[in-house]
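The sequence and structure come first, followed by an overview and notes by topic.

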Amino acid sequence: MKTIWLVVLLALLAIVGLGIYRWSRTSAEREPAACEVCERPIHRATAFSINVDSREVWACCPRCGLSLARGDGDRPPQARATDYPTGRLVPADHCVFVEGADIAPCCSPDVIVGAEKVPTSKCFDRCYPSAIAFEKPQDAADYSRKHGGTIVSFETLFREVKKS
Ligand SMILES: [Zn+2]
């Protein structure tokens, strides 16, 4: 009788252990909860990752992520952006970006930042104006018609952030 319980216990431990292992692996592959540049929460709609010294660094938005690439010469860095309509991560150089639309997920006045719930100020903001990625230019055009802003290529966005 005792051996049966022991076997059951071991089986349970194995299942729990496997669960924890798989959970930790998937969370390591996902983006972290906070931007590694400005420490704001990463919004799924604008998550952006950039290769810095062959490490993938996650940022809250393209503008914030690109600020890491300033010193890297004239070539846009390897990066992945979130296609706004689908939420999929796609190579950033396949995207166009709507810049300065009326929606700024990182810093709009109704977004609450941090545990202290302090709203962000707009006087200076690395993430402002917003840059929202679209894999299909048509989606970007539709979005911009409703929300304003201008459509720019990844390379243009990169050069702008570099200059600022
Ligand atoms: Zn950020």
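Among contacts (heavy atoms within 4.5 Å) in the protein chain between residues at least 6 apart in sequence, 65% join residues at least 24 apart. The model is predicted: local features need pLDDT of at least 70 and side-chain atom pairs count only at pLDDT 80 or more, while totals for chains, interfaces and linings use all residues. Residues are numbered from 1 along each chain as its sequence is written, and side-chain values use heavy atoms, with hydrogens and water left out.

**Overall make-up**

- The protein chain holds four helices and nine strands; helices (H or I, at least four residues) and strands (E, at least two) are DSSP runs, numbered from the N terminus.
- Read from the N terminus, the order of elements is α-β-β-α-β-β-β-β-β-β-α-β-α.
- Of the 164 residues in the protein chain, 34% are buried; buried means under 20% relative accessible area, exposed over 50%, and partly exposed in between (1.4 Å probe, protein chains only).
- Carbon and sulfur atoms account for 59% of the accessible surface of the protein chain, which comes to about 10100 Å²; accessible areas come from the Shrake-Rupley method with a 1.4 Å probe, and for residues only the protein chains shown count as cover.

**The zinc site**

- The zinc ion has as protein donors the SG atoms of C35, C38, C60 and C64, at 2.2 to 2.4 Å; donors are N, O and S atoms within 2.8 Å of the metal (3.2 Å for Na, K and Ca), and sites may look incomplete because water is not among the atoms.
- The site is tetrahedral, with angles of 104 to 115° among the four donor atoms; four donors count as tetrahedral if all angles lie between 85 and 135 degrees.
- Along the chain, the donors follow the spacing C-x2-C-x21-C-x3-C.
- C60 counts as buried because its relative accessibility is 0%, and C64 is likewise buried, with a relative accessible area of 0%.
- C61 lies in the loop between β2 and α2 (62-66), and its 3% relative accessibility makes C61 buried.
- The C-alpha atoms of C61 and V37 are 9.9 Å apart, although 24 residues separate the two along the chain.

- Strand β1 (residues 48-52) contains S49, which is buried at 2% relative accessibility.
- A polar contact of 2.8 Å joins the side chains of S49 and E56; such a contact is a pair of N or O atoms within 3.5 Å, where within protein one must be able to donate a hydrogen and the other to accept it, and residues adjacent in sequence count only if both atoms are side-chain atoms.
- Not counting residues up to four places away in sequence, S49 touches E56, V57, W58, Q78, A79 and R80.
- Five bridges pair β1 with strand β2 (residues 55-59) in the antiparallel sense; two strands pair if DSSP finds at least two bridges between them.
- N51 has E56 as its bridge partner in β2.
- Two residues lie between β1 and β2 in their hairpin, where D53 in the turn has a positive phi of about 50°.
- β1 also runs antiparallel to strand β3 (residues 79-82), joined by three bridges, with A79 in β3 as the bridge partner of I50.

- β8 and strand β5 (residues 96-99) run antiparallel and are joined by four bridges, and V98 stands opposite I132 in β8.

How values were computed. Four donors count as tetrahedral if all angles lie between 85 and 135 degrees; four count as square planar and six as octahedral if opposite donors are over 155 degrees apart and all others between 65 and 115; anything else is irregular.
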